[in-house]
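Here are a few friendly notes to read alongside the model. Keep the 3D view open and look up each element as you go.

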Amino acid sequence: MPEASPAEGDARVPADGGSAHKLWQPYLDAALGFRNHWYPAFFGSRLAEGECRGQEMLGERILFKRIDGKVYAIEDRCAHRGVQLSQRPECHSKNTISCWYHGFTYDLRNGRLVAIVTDPESPLIGTIGVKSYAVEERKGLVFAFIGDETPHALALDLQPGFLDEDLAIYPNGDHEIIKSNWRLAAENGVDASHIYIHRNSGLVNAGRKSLPLASFFLTREGMVIDHDGAPKGVMKGAGRKTSVWETEIEGVKVKSQYRPGGDATHSHITNTSLWLPCGLKVEPFPLDDTAQFEWYTPRDAHSHHYIVTWGRKVKSAAETDLFVREMDAVWKNMVVDNFNNEDVIAREAMERFYAEEDGWNREYLYRPDIVITEWRKLASKHNRGIQKLPRPRA
Amino acid sequence: MPEASPAEGDARVPADGGSAHKLWQPYLDAALGFRNHWYPAFFGSRLAEGECRGQEMLGERILFKRIDGKVYAIEDRCAHRGVQLSQRPECHSKNTISCWYHGFTYDLRNGRLVAIVTDPESPLIGTIGVKSYAVEERKGLVFAFIGDETPHALALDLQPGFLDEDLAIYPNGDHEIIKSNWRLAAENGVDASHIYIHRNSGLVNAGRKSLPLASFFLTREGMVIDHDGAPKGVMKGAGRKTSVWETEIEGVKVKSQYRPGGDATHSHITNTSLWLPCGLKVEPFPLDDTAQFEWYTPRDAHSHHYIVTWGRKVKSAAETDLFVREMDAVWKNMVVDNFNNEDVIAREAMERFYAEEDGWNREYLYRPDIVITEWRKLASKHNRGIQKLPRPRA
Amino acid sequence: MPEASPAEGDARVPADGGSAHKLWQPYLDAALGFRNHWYPAFFGSRLAEGECRGQEMLGERILFKRIDGKVYAIEDRCAHRGVQLSQRPECHSKNTISCWYHGFTYDLRNGRLVAIVTDPESPLIGTIGVKSYAVEERKGLVFAFIGDETPHALALDLQPGFLDEDLAIYPNGDHEIIKSNWRLAAENGVDASHIYIHRNSGLVNAGRKSLPLASFFLTREGMVIDHDGAPKGVMKGAGRKTSVWETEIEGVKVKSQYRPGGDATHSHITNTSLWLPCGLKVEPFPLDDTAQFEWYTPRDAHSHHYIVTWGRKVKSAAETDLFVREMDAVWKNMVVDNFNNEDVIAREAMERFYAEEDGWNREYLYRPDIVITEWRKLASKHNRGIQKLPRPRA
């Protein structure tokens, strides 16, 4: 019997066979994410006119400022001596930020060095600058494009439908920093069988929702969405679904709490899909007319931004108001505190194995993980570049 | 005059001459301990029927569960995605533990994957598993065998006499995690001259015990116990003993507090011995009819489990009761708080030098350390394998 | 337009042109400072007769003891097992310290092992020792010479004038441990344009002092002081000074708070100079008849001792008394809390860039930094040796 012995170090063959991790080497290299993609940064409501906000994304330090309503982003590290501009934000004029240390002044619109307070005649002015980032604010979320290429269309890097005009997006979603690599979060999100950790969730109990122990597909049919000029993603599949409602262990039955046709008052059938670079869509959830959107924006190699919000198709401003009021009053906290928190525990619990114990080579995937291996291959294929940071002098 | 200059980096010749650390290279490599030995894990009284306990030993994460009175141990890391089973222990049946994340279910008796809650028909069931560990519970202590070989006899890896039928062992000993490598603890334990740090101990004062400043042997005679089919260890020696009661420094006399024939009301003559893999015996201590047993089970490269208890020869259940009551009432805390704590300070004080400053090559051993160098050679000779952990991808 | 992109990693050409950091490679290697120099350790008033004090300097652990008024220093790490002598200082006689662990006893005057409490007949006695350090106590400060050479004259490693007989030095200066490499502190100190961070300082406001936004020299004239047999240093220059009182950013004027001929009641014209190995002199400051002296003694690669005091020319003991009373009553805390604290923030803010993000190769210096690049070249030229520590076994 093979054992997952810590002393061996062999590479495991994943459930779907093949040459294992050779198939997704770019993914394994992407501890900091993929370049040349749009990533959500934060909810726009958290940045008022004229304010600055510093945030680390994909290992880069980024400064955001809202000017005449529009958000701009540049490197949050002065070209001169590397201090963080956002540590003591100093804006002498509308379109600029000046470094608090020597007054190197950058135009937020392009990163260009437009003045130096302490050397107004400096020949450097106009010739250098810091990195600038394309920014789009849509549906209440601020997105930044991190890479070298001309920004692609935002819609290509988002869950399909997110930008639909009649989809109202809740503007006060949750944003937390979670201590795990972003890939562990993404894989947990789309993982077809991890719903097992939710079987006693407050949310499931409150709604007497039927929730199987697991529900997955054994074939790749309909699992990979890979069309030119459209978002790339994976979803649970379209073949024959296997739903597990009951297992027996040493004669003891393990059952899901509420079953259709049994105690359940609600059936809980959702479709979950994961999209490049790091966005999840769960539909419907937590209500029949509502979808949950999540993102796992890489922060550094060992943490990610966990950004969660919800969307609902609406026909009027009144319906939008109702939607926001419902989320404010009940559902935001209900979901975050009684459901998503379990996912957070799982992501953080994987971190040691993958970061310190060679987990990528030692994991032992099983049949339901086919959606995860398809995701790894898809992400590797469309990666657009691996994010790397310069290393210091040895 | 040679100096122990931090800028030099030369290897020191130990007190007993020879080619120094080349003689004990396996020992230098064993930061995580030696494989294929029995190590004490914890006091059995701390694990009730049906309960689980996770603990790191020799860098491996191990899960213990008591089933029908007997303790079993398997790897505390799910084969699937590497999370710790003991983080949220979930036992659906008596002989198993299920991973809280996807329900991979292991038989505690052999580590075998016997069910997967979320995929009951998985072809993996019965074909893989996690590492399992042989366990023995003797004299109130739970021992685990960590390695690949068929477990050796427990008695070979214990201080001689510990398993004697008429030796009562105190079941509520002390178990702490100490922040030093296990070898620094073992060497401090057998170190013949370190009693100097105890000369003002509360225990010594309370008993007006005679305690020399140091007491050691200059020859290897009787120092090494290395017989086939028996525990391997070192003890202080059988040659001519040198006891130091007084030294002079610049005309100032440094004396031991209580001397035989002087103020001392008790003579304190003990024999101390150190046994593979990491057990100490001090006899008698702290009472004339009592022996102290200690172990320094490696935890990770920079910490160890410090497990301490006591034994006494008894002739009846009443004598055992008396022994336990005495230890409970006075001696356990007296020794731990007024004597062993000084050893803990010394072990932790060495850690920086050995972990960060090349101490193994820069130390300057002296004559009384002959027992330490004999220990290093003995441990190297009988090491049965060096514990190594897999390294993550660079 | 070139950008300081985190993804590039190119070496920047400094303001003064040339082959950039190749010119100051020894300086780049000196994360722990330069050997064979005198460094200030602490204020003598903080070490009473017979007392011991352990302190890390240039990555070496050093023990100081005052004996008959004179301060001696030896390695604060026992040659035997590497524990820190100062952790539990144990002095059985006037000129010695004994290790608390086994009683290895060192003469503070030369580091020699003069006794071993636990083995009085040891053949090691008199044959080995720990490193000893030359110490001088002048003007209330204790200095240690760290290196292998015969100590040079202290005056060569000090700010000129510091030892002048008629210069009273305040004995109760400030001594803090700051979390940045020492070089970032030194460069901040002499940086001609960093006064920008002080423009709103409490000290400037309290005195309505005129303080330009920056003040620097564009030529090397008079900038480098490099004469045989004298301290080596840099000062702001003697050419045409550029003083910046006002800048315009997008039509918005940025002005210094108080200008000569305007609101200022005091003119603030100081000369700042930086001297090998790590001493700054600011004159006059904070009063017209007072000079500020600072040192940035390396502690480890990521922290330094920040030692600050003041000096004033006096003609009598009464004048000295007055000076000390003034500093005690007002100026010490005023300067430390309302001015120096801003420098501390800047030094710590640079640490991440230089320690983790390849800052030494990625910085983008500008014209006023010519004094910094001259400093780097001067320090490289006269470095007397790069401090390195032995690395542990891999």
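1. Start with helix H2 (residues 182-190) and helix H4 (residues 317-356) of chain B, which pack at an angle of about 130° with their axes 9 Å apart. Helices (H or I, at least four residues) and strands (E, at least two) are DSSP runs, numbered from the N terminus. Axes are lines fitted to C-alpha atoms, for helices over the stretch in contact, and angles run from 0 to 180 degrees between N-to-C directions.

2. That angle makes H2(B) oblique to H4(B) (under 35 degrees is roughly parallel, over 145 roughly antiparallel, 65 to 115 roughly perpendicular, and the rest oblique).

3. Which residues make the contact (heavy atoms within 4.5 Å)? H2(B) brings B:Leu184, B:Ala185 and B:Asn188, while H4(B) brings B:Asp343, B:Ala346, B:Arg347, B:Met350, B:Glu351 and B:Tyr354.

4. A word on the source: this is a predicted model, where local features need pLDDT of at least 70 and side-chain atom pairs count only at pLDDT 80 or more, whereas totals for chains, interfaces and linings use all residues. Residues are numbered from 1 along each chain as its sequence is written, chains are lettered from A and ligands numbered from 1 in the order in which they are written, and side-chain values use heavy atoms, leaving out hydrogens and water.

5. Now turn to chain A, where six strands in the order E1-E9-E8-E4-E3-E2 form an open sheet with antiparallel pairing (two strands pair if DSSP finds at least two bridges between them). Strand E1 (37-43) and strand E2 (52-57) of chain A are the edge strands, each pairing on one side only.

6. Within chain A, strand E8 (residues 132-138) and strand E9 (residues 141-146) pair in the antiparallel sense over five bridges. Look for A:Val135, which stands opposite A:Ala144 in E9(A).

Conventions
Contact = heavy atoms within 4.5 Å.
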